[in-house]
Amino acid sequence: MNIIVTVKQVADPNIPPAHIQLDPDGKRIISPFGVPPVINGYDANALEEAIRLKEKHGGKITAVCLGDDSSRESLKYAVAMGADTAILINDPDLVNGDSATVGRALAAAIKKIGGCDLVLCGRQASDTDGGQVLHWIAEALDLPTVVPVTKIEAVEGQQLTVHRLIEDGYQRIKVELPALLGVSSEINEARHPSVRGTMAAGRAMIAGWKAADIGLAAQTPKVELRELQIQVRTTKAELIPGSTGAAQGAALADKLHELGLI
Amino acid sequence: MAGVLVFGDTVGGALAPASLEMAVAGAALAQALNEPLTGALIGDDLAAVAAEFNGGFATLHLIEGKHLRPYTARSAIAAAKAAIDAAAPSVVLFPHTLETREWVPRLAAMLDTGLVMDCTALNAEGSDLVVSKPVYGGGVTAQYVVRGNIRLVTVRTGVFEARAGAATGAVNKIAAVEPAAGRVTLIDEAKSALAGLMAMEEELIAVAEELARRFSARGTVGDQRIEATAIHRDLGREI
């Protein structure tokens, strides 16, 4: 099974809100010194699922990312986890594009790679929480989609049975390949790269493509980011005591009652 | 294209509280844009729900069909397109739910138009639609201008006050056409009130179970939730 996993490099979501800084234009987050950007968490789940599918059914995994040159680090991480090859779409005209632009660029790259059975994406990115890019990819490639996927139950020939999270449970869905799945974090726990994988990633050649390489014409933005504003918040944490889960639950219930929340 | 179209939502055959929140948000926006307000509901046998969905709509479009429940993205998109064709709006609002998160972005891509999801503020600046939403885990608010002939927005629930407006002017019933068999087939659904517990660790499930018991004792949550917790305890093991 040939699987393409889309990867986005994001500011580390563990940056405390008080340490978030914006660039002078007020349109991008600047990672604080010593806190490098990371691979989007849902994308790591998607990659983990691709690796598990490859381990069972064989095939090849290609990680594709649209980003600036620093995004090579996230692609190396993807290779270290288990991706066979990685491609970076690094074009100034695309890097700050809206979901439609990014989705169409990734779709064009996937088309150029060719022979894809399955596209796995994170359900959304942890920076913009947009959740749209995967649908623009699917529409451009005319792929059926299921989002958010919490389990791949079975692979039978050219069909997958997957679980899709709904408000009050989950649906079991059969989807024909080729298809695109938007993966949620419930699906797995992404592995950490092995030492061997990290060494291999250091030697990996990561191809760099521009818009012209994937035959992408200039795009008209459908959404324009006007500004970002840091929210000033005060938070207070309190540890709920209890030696067991049940005791903690009881103490939490008492606390919520005391605060008048229940 | 002119007007603000507001989609309501149903849960278990009843009007979801978020529906009237969308109506309030839509009414303010329609007034600011000086455009008419219309509503839409998608589902099966919507007469009773429609009677509760009083958002001061000039017209309420009801897109009905037995195939619309249980939910599938393909059917929801086809139904929404029927409502949009009928209303010809410049802005469409949807409640931000797990379902709309799946099908509204695909609808935006099909319509080749702008969409921002999970918005907490909507404003008109002249004819521009300016929306805000939390990003970076809520630590930052982003402000966007949405472009396109039909601008789509999903609105976070719980942000706007749920308040009934004036009675609906007219009801337009549209029989939903079932889309041709696609490449995605719904096999079945597993229902539970506490689906999120599936991924919880045993210890957290114990905390939730105790919470559910205590809430029930105070009459806040019914016995059904405790039962549902137990069901998901088993599902959690399976996963």
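In this predicted model, chain A is divided into two parts, domain 1 (2-214) and domain 2 (232-262). The centres of domain 1 of chain A and domain 2 of chain A, taken over C-alpha atoms, are separated by 36 Å.

**Helix 2 of chain A**

Helix 2 of chain A spans residues 72-81. Eight of its 10 residues are buried, so helix 2 of chain A is largely enclosed by the rest of the structure. The buried residues are A:Ser74, A:Leu75, A:Lys76, A:Tyr77, A:Ala78, A:Val79, A:Ala80 and A:Met81. After helix 2 of chain A comes A:Gly82, which has a positive phi, near 150°.

How does helix 2 of chain A lie against helix 6 of chain A, which covers residues 195-203? The two axes come within 7 Å and cross at roughly 135°. The crossing of helix 2 of chain A with helix 6 of chain A is right-handed. On the side of helix 2 of chain A, the contact is made by A:Lys76, A:Val79, A:Ala80 and A:Met81. Helix 6 of chain A contributes A:Gly197, A:Thr198, A:Ala200 and A:Ala201. Sorted by class, this contact between helix 2 and helix 6 of chain A has five nonpolar, two polar and one charged residues. A:Lys76, A:Val79, A:Ala80 and A:Met81 are also listed among the buried residues of helix 2 of chain A.

**Chain B and its side facing chain A**

Chain B has 239 residues, of which 47% count as buried. Its elements are six helices and 13 strands. Of the contacts in chain B with a separation of 6 or more, 68% are between residues 24 or more positions apart.

How many residues of chain B are in contact with chain A? There are 57 residues of chain B in contact with 57 residues of chain A. The elements of chain B that give two or more residues to this side include strand 7 (115-119), strand 9 (128-135), strand 10 (140-146) and strand 13 (184-191). Helix 4 (98-111) and helix 5 (202-217) of chain B are also among them. Helix 5 of chain B gives the most, with 10 residues. By class, the side of chain B that touches chain A divides into 31 nonpolar, 12 polar and 14 charged residues.

**Two single residues**

B:Ala30 is placed in helix 1 (residues 18-33) of chain B, while A:Pro92 lies in helix 3 (residues 92-95) of chain A.

The table gives one C-alpha pair for each residue.

| Pair | Separation in sequence | C-alpha to C-alpha distance |
|---|---|---|
| B:Ala30 and B:Leu5 | 25 residues | 9.0 Å |
| A:Pro92 and A:Ile3 | 89 residues | 27 Å |

Which residues does B:Ala30 touch, leaving aside its neighbours within four places in sequence? B:Ala30 is in contact with B:Val4, B:Glu35, B:Pro36 and B:Leu37.

Key:
Residues are numbered from 1 along each chain as its sequence is written. Chains are lettered from A and ligands numbered from 1 in the order in which they are written. This is a predicted model: local features need pLDDT of at least 70, side-chain atom pairs count only at pLDDT 80 or more; totals for chains, interfaces and linings use all residues. Helices (H or I, at least four residues) and strands (E, at least two) are DSSP runs, numbered from the N terminus. Two residues are in contact if their C-beta atoms, placed from the backbone, lie within 7 Å. Axes are lines fitted to C-alpha atoms, for helices over the stretch in contact, and angles run from 0 to 180 degrees between N-to-C directions. A crossing is left-handed if the near helix is turned anticlockwise from the far one by less than a right angle, and right-handed if clockwise. Ala, Val, Leu, Ile, Met, Phe, Trp, Tyr, Cys and Pro count as nonpolar, Asp, Glu, Lys and Arg as charged, and the others, Gly among them, as polar. Domain bounds come from an automatic or database domain assignment. A residue is buried if 20 or more other C-beta atoms lie within 10 Å of its own, exposed if 12 or fewer, and partly exposed in between; C-beta atoms are placed from the backbone.
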